[in-house]
Amino acid sequence: MSSGTGHRRYLKQLLHHGSVYLGAISFVLVLVLPVFLEVSDYVSLALYVGGIAAFYWAGYKTWEESLPSDEGEPLVLKADKGTVTFSSGTGNIFRKSKLSLRLAVSNNSDKAIALDNVAVHLKQDSSWLKLKGRPKLIWGSGESVGSCAEIGPKESKILDVNLEGEGHIEDRVKLARALRKNPIVGATLTAEYFLEGERSAIEVDFEYDAEKLINRMRSSWSQSSLRDSITELEQSA
């Protein structure tokens, strides 16, 4: 943490807690001073109003700090869980898969925002999945995105991020074991957006779920009576 950041956080906390203390002290003074001293109604009223204002400010800051951290960001990305489906293979294994992710994109600014340079990265190497190429972006309406995704002022859109995956396990039993042990793969979507001539980076974490691929492989192995693969897939952890 930088020195400047630390001082700013300290001053915010000081203001927050100081407002609470000021409010409490003001109320105590309103109750106590008239007993011991001759205090005019104007002074009592001023202390009372000051206490109310201090408590209100402290409550407001507490509420503000409870808001999601991205509430004030110009662009917010929220990702559903991604899916992995069978695309091609031998029936015993898969060689290509389709990776799909649905993204909610919200522009909180009063200006249009252009989103581009979208990429997906696995958080760590997967035993059964590799990513291939760059994502293809499609609006939730089904319309393909051009060179960049433009989101209008105060507008929210659904963006589908499709990507091709490659399988690199040639043995069906080893594939079944890998899918059983690691059916969820962590990933990160990174992108850049332009707002009023300034470029900023943005990212969101999500997970790919292999449930659809697993069901497809289980069905294929079952039809071919490949019990060894099914037994490995359904083995208890």
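These are my notebook entries on a predicted model of one protein chain.

**Ground rules.** I number residues from 1 along the chain as its sequence is written. The model being predicted, local features need pLDDT of at least 70 and side-chain atom pairs count only at pLDDT 80 or more, while totals for chains, interfaces and linings use all residues, and side-chain values use heavy atoms, with hydrogens and water left out.

**Overall layout.** I found 5 helices and 9 strands in the protein chain, where helices (H or I, at least four residues) and strands (E, at least two) are DSSP runs numbered from the N terminus. From the N terminus on, I read the order of elements as α-α-β-β-β-β-β-β-β-α-β-β-α-α. Of the 237 residues, 35% are buried, a word I use for under 20% relative accessible area with a 1.4 Å probe, protein chains only.

**Helix 3.** I looked up residues 172–181 and noted Val173, Leu175, Ala176, Ala178, Leu179 and Arg180 as buried. Strand 3 (94–107), helix 4 (211–223) and helix 5 (227–234) are what these buried residues pack against. At the N-terminal end of helix 3 I found Asp171 as the cap, with a side-chain oxygen 3.0 Å from the backbone nitrogen of Val173.

**Thr188.** I located Thr188 in strand 8 (residues 184–195), and it is buried, with a relative accessible area of 13%. Leaving aside residues up to four places away in sequence, I listed what Thr188 touches, including Ala119, His121, Glu203 and Phe206, where contact means heavy atoms within 4.5 Å. The side chains of Thr188 and Asp205 are joined by a polar contact of 2.8 Å, that is, a pair of N or O atoms within 3.5 Å, one able to donate a hydrogen and the other to accept it, with residues adjacent in sequence counted only if both atoms are side-chain atoms.

Conventions
Buried means under 20% relative accessible area, exposed over 50%, partly exposed in between (1.4 Å probe, protein chains only).
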